[in-house]
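User: I would like to learn how to read some features of a two-chain model. Please take them in turn, general idea before case.

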Amino acid sequence: MIWTVVQINLRRLRHSRVELLLSFVVPLAFFSIFAVIFGGGIGGQDSPRIKVLTVDAAGTARSAAVLARLADAPGLQLFALPPPEHPDGKHPDGKHPDGERTDRERRARQQVRRGEVVVALLLEDGPEGPAARLLADASDPIAAQLVSAITAQAISVTARSTIPPTPPGKPAPPGKPTPPGTLVSVPGEAPAARRLPAEAGLSAPRISVEDVLRGDESKPAVSMYAAGIAVMFLLFGASGGGGALLEEQENGTLERLFATRLTMDQLLLGKWVYQLGLGVVQTTLMFLWGQWVFGIDLLGHWQGFTAMTLVTAGAAASFGLLLATLCRTRNQLNGLSVILVLSMSALGGSMVPRYLMGEGLQRAGLWTFNAWALDGYNKVFWRELPLAELWPQISVLVASGFVFLMAARALAVRWETG
Amino acid sequence: MDFALQTIDLRKAFGNQHVLRGASLQLAPGERLGLLGPNGAGKTTLIRCLTGRTRPDSGTILLGGRPLEHRDQRHSLGLVPQELAIYSDLTARENLQIFGRLYGLRGRHLRQRVQWALAWTGLSDRAGDPVGRFSGGMQRRINLACGVLHAPEVILLDEPTVGVDPQSRARIFAMLDELGATGTSIILTTHQLDEAETRCDRIVIFDHGRVVAEGTLDELIRRTLGTARHVRLRVHGTVAAAPRYWRRGGRADELEAQLEDVSRRLPQLLDSVERAGHRIADLAVAAPSLNQVFLQLTGNNLRDA
């Protein structure tokens, strides 16, 4: 009897392609995705290079040498700041806001805030050679530490190769009170810099790190995870909503609905509007919970949140309808949606931050709208950018939502004609 | 005469498969028409043409004497599908409200029709319960009510009593009688031939995409089998050779005969059996049935393909 029950299940498995796919192919696919992210992605051929904006405020031969050395570092991708907007290099209104001494620093800070680079490296002229200030985006905490360490090494090595060693017995010059091995006490310095020994009469490089986005204070990192989870569940919810359409088709309700005054356009739009509303409420609830329990500042960012949630929920609703119209049975839809939603969530950054992925995977992630949605929420809650800065994300999500909905309408013709 | 519904020479092909080959039928106002046919005869396609879900390649559909061209005209039609095409997780009242709205009912009129439907189905006291908790017969009644809520002139009923007990079936036909009394015309598609025989004013037998016979039950019998009664007789022991007027039946102790005038000829036939030395054990006289007419017209072959 037990064997008969086993046989029943084996035979049913053999006849169900979707179940076979979910049981044996999907786990391999996900294993491969995460293996690429965590295996090949970090430290591999396709390892993510940290985008660093360099500003040579010192303008000396030694600072140029440091930058040349940094350019050779395999883990960094250097960008030079374009020429200043004003010839004198001053801030446009002539004032120097707190912490921003030049217009170049302001622009560098802006690029970090926008997420165009992870770290801006300002090389300034100090009494003992170039000193580095790192303007960092703390959403990628590893990057700031790595850049700090590489920069410290570059400055030290450059100093050793350009300054003749201090003759034996000669006292250290004024301002270099630190004997070899002493920690340099500079507020805000990266740990790697603090531990660098002063060698051959040279003090440890002075490197300070500033978190441009002040993530620890008012913007807990949990806002990024809330967005990731919210988008993933929007997709699952939308595919479930699309499944209701297939259920209606399977039990004959669709046939009856079309015998009334209802048209296919009205049916699809009705389902889309419902799913959009449900998604907005679902996401709002998640962020309200985040505000109450985890300190996400939802009310302070309500405009950006509203814009991103509307377009993301709309695109997800269209995606769910497209999946439903692509499938013939609810069973097919369940299989396909699990595969697609999990793949999109893995690639798009809902499960693992995209900055941990290799450049190839990061580019591939842009084909998922998780990535665009998360970038948008990131701009709202983490980078605190104004609404106008969301236009790329909003445009992509609106366009993809429209295309998905039109494709679903085209595929739904088969239900109209029988 | 203006028929409530009339189809004239409807034709429809899907690729090389001709599903409707000149389907023509008429439904009089207030009439209940039984539409019979084996599987694959084209009944579903005919119904889909009537509801506008399939466009015929050629032919005409007249509703109340006017060509059925615009979607709004179909408001005079009500469809009750064979499947329980209702939302089982919604209550009876919610289902009725939703389908009422989809048929264009609003406000007080909608509320009145919902109240009417709940009373009509005998489910007023269960109006707030999810339909999924109802018995099969109760679900069938709600399924029916959702299709007639907007008081259509013509109702298309597809197997309305499939899978229900005799009591529920009687209740459903009582409900249909109420509708018929108000002048509603009904096309009843069914495989339950006894329903068509006893519950329909007229019968249409549909096969190979066209009407192969139509009329009242008596008319169909007269045209296909004649009016002769079928006599079946069993004797004690076995029958070696059939007596005069008789032929051997399906069993060794059985005899069969066809009689036009039973009251006059039956004594004569029984006498011939006794004179042949048989003792009569049982006797049955049966009028020709719709079942026989149906098999005569559509054949005995299975239509599973």
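Analyst: Start with the elements: helices (H or I, at least four residues) and strands (E, at least two) are DSSP runs, numbered from the N terminus. By that numbering, H208(B) lies in the loop between β9 (202-207) and β10 (210-215) of chain B. The model is predicted, so local features need pLDDT of at least 70 and side-chain atom pairs count only at pLDDT 80 or more, while totals for chains, interfaces and linings use all residues. Residues are numbered from 1 along each chain as its sequence is written, chains are lettered from A and ligands numbered from 1 in the order written, and side-chain values use heavy atoms, with hydrogens and water left out.

User: What is the phi of H208(B)?

Analyst: Most residues other than glycine have a negative phi. H208(B), which is not a glycine, has a positive phi of about 50°. A151(B) also has a positive value, near 55°, and its place is in the loop between α4 and β7 (154-158) of chain B.

User: How do I read the crossing of α3(B) and α4(B)?

Analyst: Axes are lines fitted to C-alpha atoms, for helices over the stretch in contact, and angles run from 0 to 180 degrees between N-to-C directions. A crossing is left-handed if the near helix is turned anticlockwise from the far one by less than a right angle, and right-handed if clockwise. Helix α3 (residues 107-121) and helix α4 (residues 136-148) of chain B have axes that come within 10 Å and cross at roughly 145°; the crossing is right-handed.

User: Which residues of α3(B) and α4(B) meet?

Analyst: Contact means heavy atoms within 4.5 Å. From α3(B) come R113(B), W116(B), A117(B), W120(B) and T121(B), which meet R141(B), I142(B), L144(B), A145(B) and V148(B) of α4(B). These residues divide into seven nonpolar, one polar and two charged. In that division Ala, Val, Leu, Ile, Met, Phe, Trp, Tyr, Cys and Pro count as nonpolar, Asp, Glu, Lys and Arg as charged, and the others, Gly among them, as polar.

User: At what angle do α8 and α14 of chain A cross?

Analyst: The axes of α8 (residues 222-250) and α14 (residues 369-382) of chain A cross at roughly 145° and come within 9 Å. This crossing is right-handed. Among the residues that meet are M224(A) and L235(A) in α8(A), and F369(A) and Y377(A) in α14(A). The contact has nine nonpolar residues, four polar and no charged.

User: How much area is buried between chain A and chain B?

Analyst: The size of an interface is often given as the accessible area lost when the parts come together. Buried area is the accessible area (1.4 Å probe) that two parts lose on being put together, summed over both. Between chain A and chain B about 1800 Å² is buried, with 48% from carbon and sulfur atoms. E255(A), R256(A) and R261(A) lose the most area in chain A, together 43% of what that side buries. In contact are 17 residues of chain A and 20 residues of chain B.

User: How many salt bridges are there between chain A and chain B?

Analyst: A salt bridge is a side-chain nitrogen of Lys or Arg within 4 Å of a carboxyl oxygen of Asp or Glu. The count between the two chains is two, and E255(A) with R48(B) is a salt bridge at 2.5 Å, N to O. On the side of chain A that touches chain B, α9(A) gives the largest share, five residues.
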